[in-house]
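Open the model in a viewer and keep a selection tool at hand. The stops below say what to select next and what is there.

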Amino acid sequence: FIDHPEYVDAIWGSGNPPPSSGGGGTNRDYLPFAIQNGWNAPPGPVHNLDQATDHNKIQWAIDNATSGDRIIVDDGTYFENLVIDKPLTISATNNMAIIDGGNSGTIVEIQSNGVELGGFEIRNGGALAGDSGIKLNNVNLSNIHDNNITNVYNGIYLMSGCNNNTIENNTIYTTDVGVNVL
């Protein structure tokens with residue numbers, strides 16, 4: 001596109017259509033072409049620093065990450081329920097990112113060792129006994145810190161097989177159970 005200045009004039013300048021590409025046909029498109037997933041689109045608010053990729057959803061960033069990647073989440077509200085199934089560091093840019101579970105189920109389920117999760121408001125999970133703001137299931141060596149967790153049955157739920165995890169500086173309110181250790 002940039003190698004063809006005549007297209008730039010046709011789209012943003014003189015308004016003249018681009019030159020014919022030959023072929024003798026009259027079926028021409030004078031509108032700029034669109035490229036999916038990028039070119040003119042703004043970057044998504046979820047950034048994988050190690051892959052240099054941007055995503056619109058936290059779960060998409062998790063799904064496309066590799067073990068050990070660092071994911072940074074910009075301020076905003078993300079209506080998602082997350083499953084973290086590999087060792088990742090996931091943090092909010094300014095402690096202003098909200099993960100809202102839509103009053104359904106567990107909001108963040110950690111299924112891998114070595115996950116770090118910090119700086120989020122985690123809210124609106126389910127009201128059943130197993131529903132949690134953050135659930136760790138047979139997980140070791142994870143670090144859950146600086147989160148505000150509200151409006152869910154369990155704030156943080158450590159299921160069987162969880163050892164050597166660090167849970168610090170989290171605020172849990174408006175829950176039936178703050179921290180549940182099975």
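Select Arg123 and Glu121: their side chains meet in a salt bridge, with N to O at 3.4 Å. The term stands for a side-chain nitrogen of Lys or Arg within 4 Å of a carboxyl oxygen of Asp or Glu. Glu121 is partly exposed at 23% relative accessibility, a class that lies between buried (under 20% relative accessible area) and exposed (over 50%), computed with a 1.4 Å probe on protein chains only. The model is a predicted one, in which local features need pLDDT of at least 70 and side-chain atom pairs count only at pLDDT 80 or more, while totals for chains, interfaces and linings use all residues. Residues are numbered from 1 along each chain as its sequence is written, and side-chain values use heavy atoms, with hydrogens and water left out.

Asp100 sits in strand E7 (residues 97–100) and Arg123 in strand E10 (residues 120–123), so the pair links distant parts of the chain, 23 residues apart. Strand and helix names follow DSSP runs (H or I of at least four residues for helices, E of at least two for strands), numbered from the N terminus. Is Asp100 buried or exposed? Asp100 is buried, with a relative accessible area of 6%, and Arg123 is partly exposed at 22%. Through shared partners, the salt bridges join Asp100, Glu121 and Arg123 into one network.

Now show the whole of E7. Ala97 and Ile99 on one side of E7, and Ile98 and Asp100 on the other, are all buried, which leaves both faces covered. In a regular strand, side chains alternate between the two faces of the sheet. E7 runs parallel to strand E4 (residues 76–79), joined to E4 by four bridges; strands count as paired if DSSP finds at least two bridges between them. Within that pairing, Thr77 is opposite Ile98. Four bridges also join E7 to E10, again in parallel, and here Asp100 has Arg123 as its bridge partner.

Arg70 belongs to strand E3 (residues 70–73) and Asp50 to the loop between strand E1 (46–48) and E2, 20 residues apart. Both ends are partly exposed: Arg70 has 41% relative accessibility and Asp50 has 38%. The whole structure holds three salt bridges.

From here, colour the open sheet of seven strands, ordered E2-E1-E3-E6-E9-E12-E14 with mixed pairing. Strand E2 (53–55) and strand E14 (166–168) are at the edges, and each has a single partner strand, so one side of each lacks a neighbour in the sheet. The twist averages 15° from one strand to the next, taken between axes fitted to C-alpha atoms, with angles running from 0 to 180 degrees between N-to-C directions. Inside the sheet, strand E6 (residues 89–92) and strand E9 (residues 116–118) pair in the parallel sense over three bridges. Ser91 is opposite Gly118 there.

Next, select Asn140, in the loop between strand E11 (132–136) and strand E12 (143–145). Asn140 is partly exposed, with 22% relative accessible area. Leaving out residues up to four places away in sequence, Asn140 touches Asn113, Gly114, Gly161, Cys162, Asn163, Asn164 and Asn165, a contact being heavy atoms within 4.5 Å. A polar atom of the Asn140 side chain lies 2.8 Å from the backbone nitrogen of Asn163.

The last stop is the largest nonpolar core, of 31 residues, where Val108 and Ile134 touch the most other members. Such a core is a set of buried Ala, Val, Leu, Ile, Met, Phe, Trp, Tyr and Cys residues joined through side-chain atoms within 4.5 Å. Strand E13 (residues 148–158) gives the most to this core, with four residues. Beyond residues up to four places away in sequence, the contacts of Val108 include Leu82, Ile84, Ile99, Leu117 and Ile122.

Finally, zoom out: the chain has two helices and 15 strands, and 36% of its 182 residues count as buried.

Conventions: A polar contact is a pair of N or O atoms within 3.5 Å; within protein, one must be able to donate a hydrogen and the other to accept it, and residues adjacent in sequence count only if both atoms are side-chain atoms.
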